Amino acid sequence: MASPKVLVPLWIMAFVALVWVLQSAAAVIAPVASAFFIIAIAWPLQCGLQRFLPKLAALAITVFIIAFAFLAFASITSWGFGRVIRSTVADIGRFQLLYSQVAAWLEGHGIEIGGLWAEHVNAGSILRTLQSVTQRLNTMFSFWVVVIVYVLLGLLDTETVGRNARKALSPGAAAVLIDGSAITASKLRHYMLVRSLMSLATGLMVWALATAFGLRFAAEWGAIAFALNYIPFIGPFIATLLPTIYALAQFGSPQSALLIFAGLNVIQFIIGSYIEPRVAGYALAITPFIVLFSVFFWAFIWGAFGAFIGVPITIAILTYCAQAPSTRWIATLLGSPAPYSEGQQS
């Protein structure tokens with residue numbers, strides 16, 4: 001038996017190596033992780049269609065629905081952000097004036113930021129930003145094409161993989177893999193259903209609040225809040241901050257901006273801290289600290305996509321840990337023991 005003094009450094013080095021591999025091989029691993037996530041959500045639809053249609057026809061319909069959902073979400077998001085960005089660029093003078101006023105106030109309190117605007121907001125920086133955005137959009141399109149191909153192949157082979165696992169693995173290992181996959185898929189579907197409903201409710205309430213205050217682009221702010229709410233913590237923060245800054249520039253009144261900021265925070269608190277935890281139930285039975293850590297950790301690994309998929313990955317890891325006696329303590333420690341009773345009964 002190796003001593004703890006030896007094991008601890010080995011575990012640290014293994015963790016660092018894993019992080020390095022995940023970052024270095026993001027172009028390969030991230031699409032696979034996304035495909036597994038989508039397969040878990042779409043599999044019941046595929047199974048239901050196969051009862052009435054040939055397998056390939058059911059697969060074609062399922063993939064079409066997935067692609068349509070992607071395009072609809074991307075269209076809503078790009079429409080909301082695009083309209084606000086175009087308006088901001090057209091009215092850049094007002095925002096520059098707002099920046100000057102804030103800078104003057106901060107300088108009066110001993111905080112010097114006067115050179116930031118000249119240094120970072122100029123024709124060259126704007127051009128570089130637009131080029132970066134264009135490059136990211138092209139990369140994102142290629143990423144989702146690869147994901148769709150993986151989903152297509154995965155949906156074809158899911159049943160075969162299950163049968164092969166029962167043949168190749170011991171009964172205990174096969175049960176951990178198959179039962180863990182089934183429970184994980186159920187939790188992920190529940191998580192995404194709740195997240196989608198809460199995002200829709202948040203978007204509608206933000207739209208209503210912006211309309212009530214006369215804030216321009218009320219529908220666009222609702223669409224942005226709807227899209228960003230899929231990323232825990234970070235998304236709601238950005239969806240609250242951006243309309244507040246825009247309100248300060250539009251109304252020129254700190255009081256109005258603070259009222260809108262307060263209203264947006266009330267919406268986020270009611271939905272995110274009160275309603276969603278009660279509706280999510282067992283699918284999100286992990287501590288808020290682990291949720292926040294998952295968002296930031298996977299954002300560090302894979303950027304914005306990692307921030308979105310970080311919590312589902314954590315849910316999957318804890319669910320698989322709950323299936324084996326040797327790792328069940330991890331699920332119990334980092335989450336609520338109640339959700340894992342299914343695995344304990346397997």
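**Labels and their grounds**

Modeller: Leaving aside neighbours within four places in sequence, Thr202 is in contact (heavy atoms within 4.5 Å) with Ala225, Asn229, Ile267, Gln268 and Ile271. The model is predicted, so local features need pLDDT of at least 70 and side-chain atom pairs count only at pLDDT 80 or more, while totals for chains, interfaces and linings use all residues. Residues are numbered from 1 along each chain as its sequence is written, and side-chain values use heavy atoms, with hydrogens and water left out.

Biologist: Why is Thr202 called buried?

Modeller: Buried means under 20% relative accessible area, exposed over 50%, and partly exposed in between, with a 1.4 Å probe and protein chains only. Thr202 has a relative accessible area of 0% and therefore counts as buried. Thr202 lies in helix H7; a helix is a DSSP run of H or I with at least four residues, a strand a run of E with at least two, and both are numbered from the N terminus. The chain has 14 helices and zero strands, and 37% of its 346 residues count as buried.

Biologist: What makes Arg83 and Glu220 a salt bridge?

Modeller: The rule asks for a side-chain nitrogen of Lys or Arg within 4 Å of a carboxyl oxygen of Asp or Glu. For Arg83 and Glu220 the N to O distance is 2.7 Å, so the pair qualifies. Arg83 belongs to helix H3 and Glu220 to helix H8 (residues 218-228), so the pair ties together parts that are 137 residues apart in sequence. Arg83, at 36% relative accessibility, counts as partly exposed, whereas Glu220, at 4%, is buried.

Biologist: How many salt bridges does the rule give?

Modeller: The count comes to two. Arg195 also forms a salt bridge with Glu276, the closest N and O atoms being 3.1 Å apart. Arg195 lies in helix H7 and Glu276 in helix H10 (residues 254-280), so this pair ties together parts 81 residues apart in sequence. Arg195 counts as buried at 6% relative accessibility, and Glu276 counts as buried at 7%.

Biologist: What makes Lys55 partly exposed, and which residues does Lys55 touch?

Modeller: The relative accessibility of Lys55 is 31%, and therefore Lys55 counts as partly exposed. Not counting residues up to four places away in sequence, Lys55 touches Gln46, Gln50, Leu155, Leu156 and Glu159. A polar atom of the Lys55 side chain lies 3.0 Å from the backbone oxygen of Leu156. Lys55 and Leu155 are 100 residues apart in sequence, yet 9.9 Å apart in space, C-alpha to C-alpha.

Biologist: Which residues touch the most other members of the largest nonpolar core?

Modeller: A nonpolar core is a set of buried Ala, Val, Leu, Ile, Met, Phe, Trp, Tyr and Cys residues joined through side-chain atoms within 4.5 Å. Of the 39 residues in the largest core, Val151, Trp298, Ile301, Trp302, Ile309 and Val311 touch the most other members. Helix H2 gives the most to this core, with nine residues. Apart from it lies another core of 20 residues, including Val194 and Leu264.

Biologist: How do you know that Phe52 is exposed?

Modeller: Phe52 has a relative accessibility of 70%, and therefore counts as exposed. Phe52 is placed in the loop between helix H2 (26-50) and H3.

Note on methods
A polar contact is a pair of N or O atoms within 3.5 Å; within protein, one must be able to donate a hydrogen and the other to accept it, and residues adjacent in sequence count only if both atoms are side-chain atoms.
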